[in-house]
Amino acid sequence: MAGTDETHLDDLRDEYRDAQPPAAPARGARRGRAPAPQAAPLAPREFARYCWRQLTSMRTALFLLMLLAVAAVPGSTFPQEGNDPAGVAQWMADHPTAGPWVERLQGFHVYSSVWFSAIYLLLFISLIGCVVPRVGVHARALRSKPPRTPARLDRLPEHRAAVLDAPPAEVLDAARSVLRGRVEVRPEGGGGGGSVAAERGHHRETGNLLFHLSLLGLLFAVASSSLFSYSGQRLVVEGGTTVGTTFDSFTSGAGADVGDVPPFTLELDSMDVAFEAQQTSQIGEPRRFAANVTITDAPGEQPREETIRVNHPAKVDGTQISLSGNGYAPVIVVRDGQGNVVQDGATPFLPQTGNYDSTGVVKVPDAVDAAGEPVQIGLSGVFLPSATVDATGSPVSGFPDLANPVLVMQAFTGDLGLDDGVAQNVYELADEGLTQVLDEQGSPFAIRLRPGETVELPDGLGTVSFEGVQRYASFDVRSTPGQSAALVFSLLGTTGLVLSLFLPRRRLWVRVRPAPAGAGSAVEVAGLARGNDAGLAFEVDGALQRLRAALGEPDASPPPARVGDDGREHQRDDDRDEREARAGSRAEEGR
């Protein structure tokens with residue numbers, strides 16, 4: 001039978017197809033197949049409008065936000081040219097094949113690359129086109145009247161009915177005073193009846209818009225900070241002075257340079273440093289770091305004394321001067337083979353451990369030996385503020401403060417590369433092309449000095465003296481113009497998110513009619529919420545209770561229902577039990 005029915009349906013389809021007039025085939029279309037309908041091409045203006053709608057949709061904005069997060073990953077994977085140029089050079093040397101490709105793809109300056117900037121700009125446009133129109137719609141909604149009163153309030157999710165002794169006009173006035181939000185009284189029918197409509201929770205959408213606008217502001221603040229911020233580092237020894245345009249290293253955004261730094265002058269008067277020396281479990285832990293400085297904001301202005309501590313920077317015209325590090329600078333005096341002083345001053349050594357085992361170098365390019373021949377001398381070693389030996393017998397520092405200062409170095413001769421025109425790290429000695437100075441036994445000549453001691457170098461190279469120790473401080477001069485704005489927008493965004501999540505959107509209506517008995521008023525209170533709102537029942541019950549209290553009538557309503565209970569749960573349970581009992585009785589009669 002099934003096969004016969006299908007055959008009959010196929011015959012009917014064939015007869016219907018044969019009865020239709022044949023359609024002229026389109027040029028280039030396959031013979032025997034009807035051409036698919038073609039949509040009319042969009043005009044340029046329509047196509048532009050279509051592209052704009054796609055770009056400004058919330059779905060596109062979320063996609064671009066996710067894409068921006070993914071695009072930022074290479075910035076933390078590869079060293080960046082603006083922050084770590086030495087790391088970029090090292091990465092290029094370690095990856096000779098992949099390095100040029102990463103450079104072509106702008107992987108070493110991701111955050112200023114064309115593709116990252118394009119994503120950032122598209123996200124800006126998408127958010128602006130998505131949020132700004134909603135602001136106008138919401139502004140009109142705030143000025144609009146509450147929605148009209150439904151004809152059947154008993155069909156709403158929450159509905160209460162009561163009979164009050166007060167006349168309808170008095171009940172309407174009381175309802176207008178007890179309802180919250182935007183309230184409007186509307187007359188209905190005759191006999192003084194009417195309804196009161198109230199709506200609250202419009203600021204839920206306000207919070208939503210505030211969150212998205214704050215996100216826009218946050219993106220703008222981050223972009224401005226990236227464009228116009230700068231950061232410079234400068235190491236200053238006690239008694240030394242630096243100016244605002246001289247840095248050991250300097251990085252800035254595309255819209256800033258070293259000329260934007262205020263022309264201040266900073267003199268490091270002294271360092272106030274203390275370490276824990278009593279508690280055995282925390283011995284050597286830092287307890288106090290402070291730099292006492294004298295700052296002149298601009299040439300010709302009155303100097304002022306400041307104390308810069310960790311997380312307590314000094315400020316010059318909005319630029320922060322922070323204390324980023326400290327260490328020791330041994331005062332080393334080098335005399336060449338002719339007795340001439342070719343090096344005299346404090347040489348900063350960089351800490352490598354928590355006990356301030358510090359490394360440093362001294363480069364002497366203009367010395368002569370005892371025979372009067374030019375020679376370049378390089379000294380490389382470590383400074384130990386509290387010298388001791390470890391389990392292997394190697395010299396180490398046992399405490400970060402100055403308890404037993406010792407300077408241990410080795411000497412080299414040869415071309416230091418200072419005349420090659422290539423930038424060098426002043427804290428490292430490139431030993432390629434250098435010859436280590438040996439002692440009489442052919443072993444590396446070891447220099448081990450305490451303050452006030454002098455050692456004579458072999459081969460008539462001269463002498464090295466350790467005169468004393470000074471402290472130094474590393475300062476970070478930084479300006480981030482968008483930092484305060486980013487904080488403000490972050491707080492506003494958090495506030496908007498809290499409002500959009502926890503502020504309920506509810507509508508309440510109170511309808512008042514003359515009581516059927518002729519005295520008093522018949523009152524209906526109903527509520528409607530957007531989405532699931534467990535507190536709507538409490539809101540309706542509370543409105544009816546406040547209405548009774550405003551009229552001075554006793555509260556005869558049942559206690560408020562539990563969350564999720566609309567006051568009819570028990571009735572539905574009783575009805576279900578009754579239906580189950582009837583079904584059981586019919587089944588018993590059938591057996």
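Okay, so isoleucine 125 sits in helix H7, and keep in mind that this is a predicted model. Together with Trp52, Leu121 and Leu122, it makes a nonpolar surface patch of about 360 Å². H7 gives the largest share of that patch, three residues.

Next, the sheet. Five strands form an open sheet, in the order E1-E24-E23-E3-E2, and the pairing is antiparallel. Which strands stand at the edges? Those are E1, residues 158–164, and E2, residues 182–187; each has a single partner strand, so one side of each has no neighbour in the sheet. On average, neighbouring strands here are turned by 15° against each other, ignoring direction.

Let's zoom in on E1. Seven bridges join it to E24, residues 521–529, and you can find valine 163 opposite alanine 522 in E24. Then there's helix H11, residues 536–551, which lies across E1, E3, E23 and E24 and runs at about 15° to E1.

As a rule, most residues other than glycine have a negative phi. Glutamine 106, though, has a positive phi, near 60°; look for it in the loop between helices H6 and H7. Aspartate 459 isn't a glycine either, and its phi is positive too, about 60°. That one is in the loop between strands E21 and E22, and it's exposed, with a relative accessible area of 66%.

Conventions: Residues numbered from 1 in each chain as written. Predicted model: local features only at pLDDT ≥ 70, side-chain atom pairs only at ≥ 80, totals over all residues. Heavy atoms only, no water. Helix = DSSP H or I, 4+ residues; strand = E, 2+ residues; numbered from the N terminus. Buried < 20%, exposed > 50% of the residue type's maximum accessible area, 1.4 Å probe, protein only. Patch = residues over 30% accessible without salt bridge, like charges linked within 9 Å, V, L, I, M, F, W, Y side chains within 5 Å. Areas by Shrake-Rupley, 256 points an atom, 1.4 Å probe, with all protein chains shown as cover. Salt bridge = Lys/Arg side-chain N within 4 Å of Asp/Glu carboxyl O. Pairing = 2+ DSSP bridges. Axes fitted to C-alpha atoms, helices over the stretch in contact; angles between N-to-C directions. Contact = heavy atoms within 4.5 Å.
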